[in-house]
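Here is a short report on one protein model. Please look over the sequence and the structure before reading on.

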Amino acid sequence: MLFSKKKGLSIDTLVGQHAIIEGDVSFAGGLRLDGRVRGNVVATEGKSSMLVISEKGVVEGEVRVDHLILNGTVTGPVHAAELLELQPNARVYGEVRYAALEMHQGAIVEGRLVPLVQSEVRALPNHMPAAEPKEEQEARAGDKSEAASDTDAADDKAPDGERVPA
């Protein structure tokens, strides 16, 4: 175990700085990548996973994990089902799909940032439901302003026999 992280996941596999893997990598648990992978890096479905790609780490292919801490380079699509942490030296060239995103100054994404819809999000300890669509917010605001107008009109009336100050 190299180090522990927030959810108690630990890194139990290391791909060293001078290692080059040609082909797909599938894993469960924690993986730290300091080398290069020419292929997809995909976590086993249904098991907790965390991938740490260090400053020298490179993936040329898809990355699909629960929790990704990226300080290296990914050329291809990224899918983080729980949390994506883009550290200062992170470089992503491709579409990024995420449930929660933490992006440090200096990180670069050349591609689309796409938040996952509620049904795609794995349970996060402090995850709030997605905001309601703008149309619903505007409709609700319209209802409140109409109710406020009615209340304001009632406030303008003086009690029986008294005059309303001008």
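## The core and its strands

The largest nonpolar core has 26 residues, and Leu51 and Leu68 have the most contacts inside it. A nonpolar core is a set of buried Ala, Val, Leu, Ile, Met, Phe, Trp, Tyr and Cys residues joined through side-chain atoms within 4.5 Å. Buried means under 20% relative accessible area, exposed over 50%, and partly exposed in between (1.4 Å probe, protein chains only). The elements giving two or more residues to this core are β3 (25–27), β4 (29–33), β6 (41–43), β7 (49–53), β9 (63–70), β11 (78–86) and β13 (96–98). A second, separate core has 5 residues, including Leu9, Met50, Val52 and Ile69.

This is a predicted model: local features need pLDDT of at least 70, side-chain atom pairs count only at pLDDT 80 or more, and totals for chains, interfaces and linings use all residues. Residues are numbered from 1 along each chain as its sequence is written, and side-chain values use heavy atoms, with hydrogens and water left out.

## Around Leu51

Strands (E, at least two residues) and helices (H or I, at least four) are DSSP runs, numbered from the N terminus. In β7, 5 of 5 residues are buried. Ser49, Leu51 and Ile53 lie on one side, and Met50 and Val52 on the other. Both faces are covered.

Two strands pair if DSSP finds at least two bridges between them.

| Strand pair | Bridges | Facing residues |
|---|---|---|
| β4 and β7 | 5 bridges | Leu31 and Leu51 |
| β7 and β9 | 4 bridges | Leu51 and Leu68 |
| β5 (36–38) and β8 (58–60) | 2 bridges | Arg36 and Val58 |

Contact means heavy atoms within 4.5 Å. Leaving aside neighbours within four places in sequence, Leu51 is in contact with Phe27, Leu31, Leu33, Val41, Val63, Val65, His67, Leu68 and Ile69.

Leu31 lies in strand β4. Is Leu31 buried or exposed? Leu31 is buried, with a relative accessible area of 5%. Leu31 and Leu51 are 20 residues apart along the chain, yet their C-alpha atoms are separated by 4.9 Å. With neighbours within four places set aside, the contacts of Leu31 include Ile11, Val15, Met50 and Val52.

## A six-stranded sheet

An open sheet of 6 strands has the order β2-β5-β8-β10-β12-β15, with parallel pairing. Its edge strands are β2 (20–22) and β15, and each pairs on one side only. Neighbouring strands of this sheet are turned by 5° against each other on average, direction ignored.

## His104 in a loop

His104 is found in the loop between β14 (101–103) and β15 (108–110). At 32% relative accessibility, His104 is partly exposed. His104 touches Leu86, Gln87 and Pro88, not counting residues up to four places away in sequence. His104 and Pro88 are 16 residues apart in sequence and 5.3 Å apart, C-alpha to C-alpha.

A polar contact of 3.1 Å joins the side chains of His104 and Glu102. Such a contact is a pair of N or O atoms within 3.5 Å; within protein, one must be able to donate a hydrogen and the other to accept it, and residues adjacent in sequence count only if both atoms are side-chain atoms.

## Confidence

pLDDT is the predictor's confidence in each residue, from 0 to 100. The mean pLDDT of the protein chain is 81, and 66% of its residues reach 70 or more. Over residues 1–6 the pLDDT is below 50, and this stretch has 18 contacts in the model beyond near neighbours in sequence. Where pLDDT is low, the predicted coordinates should not be read in detail.

Terms used. Axes are lines fitted to C-alpha atoms, for helices over the stretch in contact, and angles run from 0 to 180 degrees between N-to-C directions.
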